[in-house]
Amino acid sequence: LITTFFSSLVGIITVSLFQKINLLKPVVLAYLGTLSLIISGIIWHFNDLPQGQVQAQSTLLAGLILMSFIIGFIALAVKNKINVYHSFLEGAKEGFESSIKIIPYLVGILVAIGLFRECGALDLLLNGIRFVVSLFTDSTDFVDAMPTAIMKPLSGGGARAAMIETMDAYPLKESGGFLVESFPSFLSGVFQGSTETTFYVLAVYFGSVGIKNTRYALGAGLIADLAGIIAAIVISYIFYAY
């Protein structure tokens, strides 16, 4: 949730620059400023806590936030006299129709992802990242989780597979007398939830509705993904580095 805020914020700023949208308006600044202060406060709070309390409090906070979203949607629907169940069924029906339309584009992008992994390009890229990072710091643990970050802009399924592979390769370890997930495992999970399937969206959804000129969508999406990746690494070192 925290890292998604940073990727979304960077995405908004990037699009506003491309489209020359003025964000320096009182209402916009009030929303973005308030959210930024809340997120900064959360990071500051957890940065000063012992690791055990970070785990317990962050799990509780995440559950409360997710439940508040669900309750909020239902409350707004009731307030506006919207039949939630009927709307859900209509959305599910449209989703099934969309799934049929995107199958050809889905097959194409999955073949491309398979080639990228099997030809060794992914391993070569990871070794390059590890070498460059090692020139400046010894903290290269995050590179072990980078397959998830690299795969996510291409495919959510591919990123999920990379996340599972990372968890299998870096299993539980002992910390403070307890068995805990390894840092690469935690980080790969954060990567999975903090970035978007940019190439997948462009290839599949844009293609299914006949959009050929994507303009700056790819650039803006990748910039937002990069912000999410950087934020995920920094935040995960605060929350999960033992």
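Let me begin with a term: two residues are in contact when they have heavy atoms within 4.5 Å of each other. Hello everyone! The model above is a predicted one, where local features need pLDDT of at least 70 and side-chain atom pairs count only at pLDDT 80 or more, while totals for chains, interfaces and linings use all residues. Residues are numbered from 1 along each chain as its sequence is written, and side-chain values use heavy atoms, with hydrogens and water left out.

Let's visit aspartate 225. Leaving aside residues up to four places away in sequence, aspartate 225 touches Pro153, Thr195, Glu196 and Thr198. You will find aspartate 225 in helix H10, residues 217-240; helices here are DSSP runs of H or I with at least four residues, numbered from the N terminus. Is aspartate 225 buried or exposed? Aspartate 225 is buried, at 5% relative accessible area. Buried means under 20%, exposed over 50%, and partly exposed in between, using a 1.4 Å probe and protein chains only. Its side chain also reaches the backbone nitrogen of glutamate 196, at 3.2 Å.

Now, salt bridges: a side-chain nitrogen of Lys or Arg within 4 Å of a carboxyl oxygen of Asp or Glu. How many are there by this rule? The count is 2.

One joins glutamate 90 and lysine 93, at 3.8 Å from N to O. These two sit 3 residues apart in helix H4 (residues 84-118), so about one helical turn separates them.

The other joins arginine 130 and aspartate 144, at 3.2 Å. This pair links distant parts of the chain, 14 residues apart: arginine 130 is in helix H5, and aspartate 144 is in the loop between H5 and helix H6. Arginine 130 is partly exposed at 29%, whereas aspartate 144 is buried at 17%.

Terms used. Polar contact = N/O pair within 3.5 Å; in protein donor to acceptor, adjacent residues only side chain to side chain.
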